Amino acid sequence: MRLNDTASEQPLPRGDHYYMHRALEQARCAMAAGEVPVGAVVVSASGEVIGKGHNAPCSHHDPSAHAEIEALRAAARSIGNYRLEHCTLYVTLEPCMMCLGAIINARIARVVYGAAEPRTGMVESRANLAAQPWFNHRLTVDGGVLAVPARRLLKQFFAERRAAVSPDADPSA
């Protein structure tokens, strides 16, 4: 079947998978730098990536240099305002308490995450902090988008770390 010429000129819609792939690219950058492979991008209402970041607490000597924080900082600089209303944050791992606080303060409209974080995830796994009535901002959350490749990167990273510490260890464990 052949598409008509006008249909082929239309831009392809960019959805959650497209932007989560951009976040996964950032996670791979973190992994290449020896950081836990978590990546994030901030997308404006018009669909433009206005901020991106990956985990960098070790390289930046900064405990707050999580992927979400780095992406929020870049987006805020990009638009010249810390309030990122109508923006969506895509992150490969469910945000922790610190990152959720920054997300709420930035007025992010929507968070889309890949893999759940059963130990420290504060969006849905350990708690649903975003839904608490004392916050003056509400956001929408969608989890599990490209969770398998996000989880695979994390497992690979930690398997390689364990193997480096114990050369006899099985990296597939």
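Colleague: What should I know before we start?

Modeller: This is a predicted model, where local features need pLDDT of at least 70 and side-chain atom pairs count only at pLDDT 80 or more, while totals for chains, interfaces and linings use all residues. Residues are numbered from 1 along each chain as its sequence is written, and side-chain values use heavy atoms, leaving out hydrogens and water.

Colleague: How many helices and strands are in the protein?

Modeller: There are six helices and five strands, and along the sequence they follow the pattern α-α-β-β-α-α-β-α-β-β-α. Both are DSSP runs numbered from the N terminus (helices: H or I, at least four residues; strands: E, at least two).

Colleague: Why is Ser-44 called buried?

Modeller: Its relative accessible area is 15%. Buried means under 20%, exposed over 50%, and partly exposed in between, using a 1.4 Å probe and protein chains only, so Ser-44 counts as buried. Of the 173 residues of the protein, 41% count as buried.

Colleague: Where is Ser-44 placed?

Modeller: Ser-44 is in the loop between strand E1 (39-43) and strand E2 (49-54).

Colleague: What makes the pair Ser-44 and Ser-46 a polar contact?

Modeller: Their side chains are joined at 2.9 Å. A polar contact is a pair of N or O atoms within 3.5 Å; within protein, one must be able to donate a hydrogen and the other to accept it, and residues adjacent in sequence count only if both atoms are side-chain atoms. The 2.9 Å pair is therefore within the limit.

Colleague: Glu-94 is buried; why does it have no salt bridge?

Modeller: A salt bridge is a side-chain nitrogen of Lys or Arg within 4 Å of a carboxyl oxygen of Asp or Glu. For charge, Lys and Arg count as positive and Asp and Glu as negative, with His and the chain ends not counted. The nearest side chain of opposite charge, Arg-126, is 8.9 Å away, so there is no salt bridge.

Colleague: What does the side chain of Glu-94 reach?

Modeller: The side chain of Glu-94 reaches the backbone nitrogen of Glu-117 at 3.0 Å, and one of its polar atoms lies 3.2 Å from the backbone nitrogen of Val-123. Glu-94 sits in the loop between strand E3 (88-93) and helix H5 (97-105).

Colleague: Which residues does Ser-44 touch?

Modeller: Not counting residues up to four places away in sequence, Ser-44 touches Ile-50, His-86 and Cys-87; contact means heavy atoms within 4.5 Å.
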